[in-house]
Amino acid sequence: MSDLPITQRSVMTLFSDSKGPSSHRVRLMAQEKDIPLEIIEVDTSEGIPEDLLELNPYGTLPTLVDRDLVLYDPQVIVEYLDERFPHPPLLSVDPISKARSRQMLRQIEQEWYQLAETIANSDDEKEVKEARRDLQERLIQMIPVFEHQPYFMSDEYSLVDVSLAVLMWRLPYLGIDLPKSAKPVIDYAEKVLEREEFPDSLSDDELDMREVV
């Protein structure tokens, strides 16, 4: 790690949770766009590191530092990276398509990822069971979305697919087994997880998610 202060480095720095889906999607996006990132994995189990708190008063992950710019809203981070590194574009330039994508991204972040976090971390068995059922039902509801187009409402891989791929990787770990009737969703999961960029986005903890099931 460089001795320079983080805000003076030429390469962007990402404070990342090695298990969290929000951090994972930033790492995956960096792989898709070949963005140079210095990744600092943060273990918050023993408290929030002082250097992170100095940059982000909330101490949340992911936190992205690009010289004097510090971002800690996950959706702001991924949209910033898409505009900062425009090739390949992962958000449509069409206002209607972009609005739909942003709405879905917000839903994934605030609802779907939260369900995944509950399943992975809650000690309340009833809460875990309800979250697992809720997430499975939401995935099943997506069957029509993937019956006619290869990606999320599109023929092209997009930022929504980046966000969904992160979730698809975690399904076995979360104890979610999709029925045979959900074949379009299962096929979609295989497609996004087989992209050559995906393996390099995984932390050691995320690799273990598939090894332990």
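**Helix packing and cores in a predicted model**

Okay, let's start with α1 and α7: these two helices are oblique to each other, since angles under 35 degrees count as roughly parallel, over 145 as roughly antiparallel, 65 to 115 as roughly perpendicular and the rest as oblique. Quick housekeeping: this is a predicted model, where local features need pLDDT of at least 70 and side-chain atom pairs count only at pLDDT 80 or more, while totals for chains, interfaces and linings use all residues. Residues are numbered from 1 along each chain as its sequence is written, and side-chain values use heavy atoms, leaving out hydrogens and water.

Helices here are DSSP runs of H or I with at least four residues, strands are runs of E with at least two, and both are numbered from the N terminus.

So, how do α1 and α7 pack? Helix α7 covers residues 159-170, the angle is about 125°, and the axes are 9 Å apart. By axes I mean lines fitted to C-alpha atoms, for helices over the stretch in contact, with angles from 0 to 180 degrees between N-to-C directions. On the α1 side we have P21, H24, R25, L28 and M29, and they meet L159, V162, S163, A165, V166 and R170 of α7. Contact, by the way, means heavy atoms within 4.5 Å.

Now α1, residues 21-33, with α4, residues 95-121: their axes come within 10 Å and cross at roughly 130°. That pair is therefore oblique too. P21, S22 and R25 of α1 make this contact with L105, E109, Y113 and E117 of α4.

Next, the inside. Which residues have the most contacts inside the largest nonpolar core? They are W112, L135 and L164, in a core of 55 residues. A nonpolar core is a set of buried Ala, Val, Leu, Ile, Met, Phe, Trp, Tyr and Cys residues joined through side-chain atoms within 4.5 Å. Buried means under 20% relative accessible area, exposed over 50%, and partly exposed in between, using a 1.4 Å probe and protein chains only. Our friend α7 gives the most to this core, 9 residues.

Let's zoom in on L135. Skipping residues up to four places away in sequence, L135 touches W112, L115, I119, L167, L174 and I176.

Last stop is V192, in helix α8. Is V192 buried or exposed? Its relative accessibility is 0%, so V192 counts as buried. Beyond neighbours within four places in sequence, V192 is in contact with Y151, Y157, A165 and F198.
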